[in-house]
Amino acid sequence: MWNSLRVKFGLSYLSIIAAVLVLLNTYPLVVSEDMVFRSKVTTMQNSVSVMVYSLSGLDELNEENVAAAMAVVEETGLSRILVTDSDGKALYDTRETGSAVGNYVLYSEIVQALRGSDAASCVYRNGAFRSRASSPVLYQNQIIGAVYAYEYDVEQAALLEGLQSNLKRISLVVGAGALLLSLLLSMALTEKISRLMTAIRQVREGAYGHRAQIRGGDEIAQIGDAFNSLADRLQTTEDARRRFVSDASHELKTPLAAIRLLSDSILQTENMDQETTREFVTDIGREAERLSRITEDLLQLTKLDSGIIPPAAVVDVLPVLEQVMRMMSLMAQENGVELTFSAQDGCRVKATRDEVYQVISNLTDNALKYSAGGPVQISLRKLHGQVALSVADRGPGIPEADLPRIFERFYRVEKARSRAAGGTGLGLSIVSDMVRRRGGTVEASNRSGGGAVFTVRWPAAEGGEEL
Ligand code: ADP
């Protein structure tokens, strides 16, 4: 539970809010209480000084002269004023009921004043400020009495209490608001995270089509978008993998089924004549050859997919093209196809010799296979920093609708014709992978007047001079 983001957010919000509220409820009160204390002490001391001043000049204090002197003192608003003689006996008391006149009043402030020093204090208790102050009355440096003043103030206390209860109310409203807001915020946040987690879990369990639905443009929504595009790629890769596996098994199944059928026929037909047997065995051999071609192509594609790219060297394309021409001339003759090429010198690319050989021979092989007896022309040029190789035939060409797909694995325009011609449906995708991983491009188009043309463009390797 403590690991949950919602709990962590909630707790941190709560502690911040609590700290702010505690501060709000204590600091202003402490400060204002302190200000009241200070001002009270000062006013009390001033009032006492005024009274001491009016008593100064008397050589001794008695009830009459004190009463006469105090009569001229202005109304002070104090709750009680006491004047004692030097023994602490009260000579004057403003309190009407329970007057202390004639009695000894030994309040600590009075005792302190009779010892010669001033005293002042203020306390806040039971909803009232209680302030006390006292001073000695001197005559020729002799203490002849003391003045004591007491104030009981509920007005300022009420103001302070009002402030306190207002602060409490404000805190309550602010606290509740902040709590609600933090709850909403943390819920919104964790809701987004849990949506993301659900999407991750679903995709991890194989539901590659599931996407995270997160609204807004915050960081979590951005993570959601990034996750969705990752899932898109995963889905594409997974779809391609599934299609590839199913296509590959289908391709392997067809020749295997033919081999089985042919061998069963040989076994089950009694006294099969030698010629038929030979024909069947030849067919078995052809199918086996097809199987090995498919597996070879598959192995090549697996290597290309592994992402391990063999180190490139500068390859001069012309000698490789000449070698392919030598290898293919027999096949061209057999098919009655006129195979010609024109080439510029100095066409160098960064690749491996095997790759260049494979690319040229796959394209030439296709052109011979599908040219339907028409001529096949190959040209090799260096143009605008690129080496361009084009293989053109006068066959049926490729239907426009199929053009964008012919580089896909196992894609064939006409399955039967391709199979009859010994095709695996992998040749062009091998070409495309090999060219693209060296930074090149390959495209197919139809020629005006009939036939197809395949053009490969590699970036020209440095060092080859342009011709
Ligand atoms: P295949 O082994 O079947 O030739 P490829 O990948 O080499 O497989 O080619 C894919 C498909 O593209 C072929 O089946 C064929 O339909 C079409 N194709 C390739 N080259 C040509 C061409 N020169 N003329 C017409 N169609 C072609």
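A: Start with the contacts. In this predicted model, 13 residues of domain 2 are in contact with 14 residues of domain 3. Where do these domains sit in the chain? The domain assignment places domain 2 at residues 227-303 and domain 3 at 309-459. It also gives a domain 1, at 5-160. The C-alpha centres of domain 2 and domain 3 are 24 Å apart.

Next, the area. The size of an interface is often given as the accessible area lost when the parts come together. Between domain 2 and domain 3, about 1200 Å² is buried. Carbon and sulfur atoms give 57% of that area. Which residues of domain 2 lose the most area to domain 3? They are Glu 251, Gln 300 and Leu 301. Together these three make up 41% of what the domain 2 side buries.

Side chains of opposite charge can pair when their charged atoms come close. Glu 251 forms a salt bridge with Arg 412. Their closest N and O atoms are 2.8 Å apart. How many salt bridges does the rule find across the interface of domain 2 and domain 3? It finds one. Polar contacts are there too: the rule finds four residue pairs across this interface, both residues at pLDDT 80 or more.

Now the helices. On the side of domain 2 that touches domain 3, helix H5 (219-268) and helix H6 (274-305) each supply at least two residues. H6 gives the most to that side, with seven residues. By class, this side of domain 2 has five nonpolar, three polar and five charged residues.

Step back to the whole model for a moment. The salt bridge count comes to 21.

Last, the ligand. There are 20 residues around the ligand. Those that come nearest are Asn 366, Asp 393, Ser 418, Thr 424 and Leu 428. For Val 413 the distance is 3.0 Å. For Gly 427 it is 3.3 Å.

Definitions and conventions:
Residues numbered from 1 in each chain as written. Predicted model: local features only at pLDDT ≥ 70, side-chain atom pairs only at ≥ 80, totals over all residues. Heavy atoms only, no water. Domains from an automatic or database assignment. Contact = heavy atoms within 4.5 Å. Buried area = accessible area lost by both parts, 1.4 Å probe. Salt bridge = Lys/Arg side-chain N within 4 Å of Asp/Glu carboxyl O. Polar contact = N/O pair within 3.5 Å; in protein donor to acceptor, adjacent residues only side chain to side chain. Helix = DSSP H or I, 4+ residues; strand = E, 2+ residues; numbered from the N terminus. Nonpolar A, V, L, I, M, F, W, Y, C, P; charged D, E, K, R; others polar. Near = heavy atom within 4 Å.
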